[in-house]
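Notebook open, structure loaded. I'll jot down what I look up as I go, starting with the aromatic rings.

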Amino acid sequence: MLDRANDSGLPSPLVGRTSELTVLTSHAEAAYAGRSGLVVLSGPTGIGKTSLLRAFLDSDTCRKMTVLHGTCGQLVAGSGYGGVRALFGPLGLTADDAHDSPLLQGNARRALPALAPHPGDEEPPSPATAYPVLHGLYWLAVNLMTQGPLVLVLDDVHWCDERSLRWIDFLLRRADHLPLLVVLAQRTEAEPVAPAALADIVAQPRSSAIRLGPLADADVAELAREIFPLPVAPSFAERVAAVGGGNPLTVTRLLHELRAKGARPDDTGIHAIAEVGQCVVAQSVHALFERQPGWVRDVATAIAVLGGAADAAAHIGGLAAVTAARIEEAVTLLRGAEVVAPDRPDLAHDVVRSAVLDAAGADALAGLRARAAQLLSDIGRPAEEVANQVLLVPGHPQPWMRWVLREAAAQATNRGAPEAAARYLRRVLEAEPDSVSAHVQLAGALAETHPVEAIGLLKGALDLTAEVRAKAPI
Ligand SMILES: Nc1ncnc2c1ncn2[C@@H]1O[C@H](COP(=O)(O)OP(=O)(O)O)[C@@H](O)[C@H]1O
Ligand SMILES: [Mg+2]
């Protein structure tokens, strides 16, 4: 069954998701009528969560509401209030000329520390300001709702930070009579960055779950008809659905690969399906690299490492050592092969990213990650963004990286996000196991959430300190 209900500009139209789309829009209609709601959409990688969200965002119901839509990224996973910034960033409320925005009237102004890309630049909040920030964000949402019903859509929430999830929980618990719908999409097989906070949201009584399952054979046949300009035998579609587990990402890649191999969508093509097997995505990426000059792979690898960072397009050259003209050529080619996303300088999917990174080899990748961190640092990106890249560099961080990690921890602390600060400081402590300050700083970040571990760290700091006068402040 083909859902042509949307004109979202997706590369291929959505098949087989009519009932899920209807559930989502009925929740949005309820919110429009003043009954708040929460929908948690879950399913494995590539099952079509993001595609369904896009179709939903394109629905007539969403068009008549205020919609904020953001995606949590693997690279910024866990950054303090990163999820909140993904949602509210497009409103530009931290710009100089946004000071008088009606959205920031009253208590909503207290949301600013969470929204600022460079926290602490103007009014550094104290670590004890978590509640005012939550409250400020709540009022910001309420101010938005005075303009009309609101839909918040956050994709890939398994990568969402603790504070943002705590705020969503806070907002929903106060939203009984607000015209609000929150939609979260979560990958089932991923371990969430903040599992307890996510579990609390899902456990709310108003929470409603949509689990995306595999496509039916008839839907896979529909996809096959779009890719092969030939009649598709039901036996062929059934086999593709079985090998691809009904997963649209795998099935689409498999069909493209079969077509490239010259297979036909009939009984003769079934043999080729078995040959192509399960690792379709990785195989097609590796095969593409083999067919193309080395700089195409270098550009893809640089994009994979930058992971959709801000202004990523401008930094590909710095990382890949490829001329601007070639970068453009490579990106066009990679877009055509659905390796790079159609609408942004990032890879089309995380599965594709893994395949590209695998192809680079571990040593080369470690070097690239370190250079990417250096590059982001040189161009003055916020310490937290650089630190997130540093966390991906294997082995002990170099001295300058540890400085960045400490700086990022300070910024996260200023945001009132100690969990994020602790992630950075753990890496510092691993590299400097005898550092008294690393013990003390990590203890500070853990004091609220893991008091027993924090006390252990302080004891460790005391053991490392010989002089009585130095022991006193600890
Ligand atoms: N219902 C569908 N019909 C057709 N193609 C789909 C459908 N769902 C997903 N796709 C395709 O599969 C790929 C992966 O989908 P995506 O929405 O990114 O998955 P997820 O977000 O669950 O990881 C995309 O290229 C998308 O175009
Ligand atoms: Mg997705």
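**Rings.** I looked for aromatic clusters and found Tyr 131, Tyr 138, Trp 139 and Phe 170 linked by ring pairs. This is a predicted model, so I'm reading computed geometry throughout. The structure holds five aromatic pairs. Buried or exposed, what is Phe 170? It counts as buried, because its relative accessibility is 8% and the cut-off is under 20%. Tyr 131 comes out partly exposed, at 47%.

Next I checked Tyr 138 and Trp 139, and they are also an edge-to-face pair: 5.5 Å centre to centre, with the planes at 80°. Tyr 138 is buried at 13% relative accessibility, while Trp 139 is partly exposed at 30%.

**Charges over rings.** Arg 174 lies over the face of Phe 170, 3.6 Å from the ring centre. Elsewhere, Lys 64 puts its charged end over the ring of Tyr 32, at 4.3 Å from the centre.

**Cores.** Which residues touch the most other members of the largest nonpolar core? I got Phe 88, Leu 115, Leu 137, Leu 140, Trp 167 and Leu 180, in a core of 46 residues. The elements giving two or more residues to this core include strand E1 (37-43), helix H6 (130-146), helix H7 (162-173) and strand E4 (180-187). H6 supplies the largest share, nine residues. I listed the contacts of Leu 180, skipping residues up to four places away in sequence, and among them are Ala 31, Arg 35, Met 145, Leu 152 and Leu 171. Another core lies apart from this one, with 33 residues, including Ala 304, Leu 306, Ala 355 and Leu 357.

**Strand E1.** How many of the residues of E1 are buried? Seven of seven. I checked each face: Gly 37, Val 39, Leu 41 and Gly 43 are buried on one side, and Leu 38, Val 40 and Ser 42 on the other. E1 pairs with E4 in the parallel sense over seven bridges, and Leu 41 stands opposite Ala 185 there. E1 also runs parallel to strand E5 (residues 207-211), joined to it by five bridges.

I took a closer look at Ser 42, a residue of E1. Ser 42 stands opposite Arg 211 in E5. Its relative accessible area is 9%, so it counts as buried. Leaving out neighbours within four places in sequence, Ser 42 is in contact with Lys 49, Gln 186, Thr 188, Ile 210, Arg 211 and Leu 212.

**Helix H18.** H18 (residues 362-378) has 17 residues, so at 1.5 Å a residue it should span 24 Å; its end C-alpha atoms are 24 Å apart, which agrees. Its buried residues include Leu 365, Leu 368, Arg 369 and Ala 372. What do the buried residues of H18 pack against? I noted helices H14 (294-306), H15 (312-320), H17 (350-360), H19 (383-391) and H20 (399-414). Just after H18, Gly 380 takes a positive phi of about 80°.

Conventions: Residues are numbered from 1 along each chain as its sequence is written. Chains are lettered from A and ligands numbered from 1 in the order in which they are written. This is a predicted model: local features need pLDDT of at least 70, side-chain atom pairs count only at pLDDT 80 or more; totals for chains, interfaces and linings use all residues. Side-chain values use heavy atoms; hydrogens and water are left out. Helices (H or I, at least four residues) and strands (E, at least two) are DSSP runs, numbered from the N terminus. The expected span of a helix is 1.5 Å times one less than its number of residues. Buried means under 20% relative accessible area, exposed over 50%, partly exposed in between (1.4 Å probe, protein chains only). Contact means heavy atoms within 4.5 Å. A nonpolar core is a set of buried Ala, Val, Leu, Ile, Met, Phe, Trp, Tyr and Cys residues joined through side-chain atoms within 4.5 Å. Two strands pair if DSSP finds at least two bridges between them. Rings of Phe, Tyr and Trp (its six-membered ring) pair if their centres lie within 6.5 Å; planes under 30 degrees apart count as stacked, over 60 as edge-to-face and the rest as tilted. A charge sits over a ring if NZ of Lys or CZ of Arg is within 6 Å of the ring centre and within 35 degrees of the ring normal.
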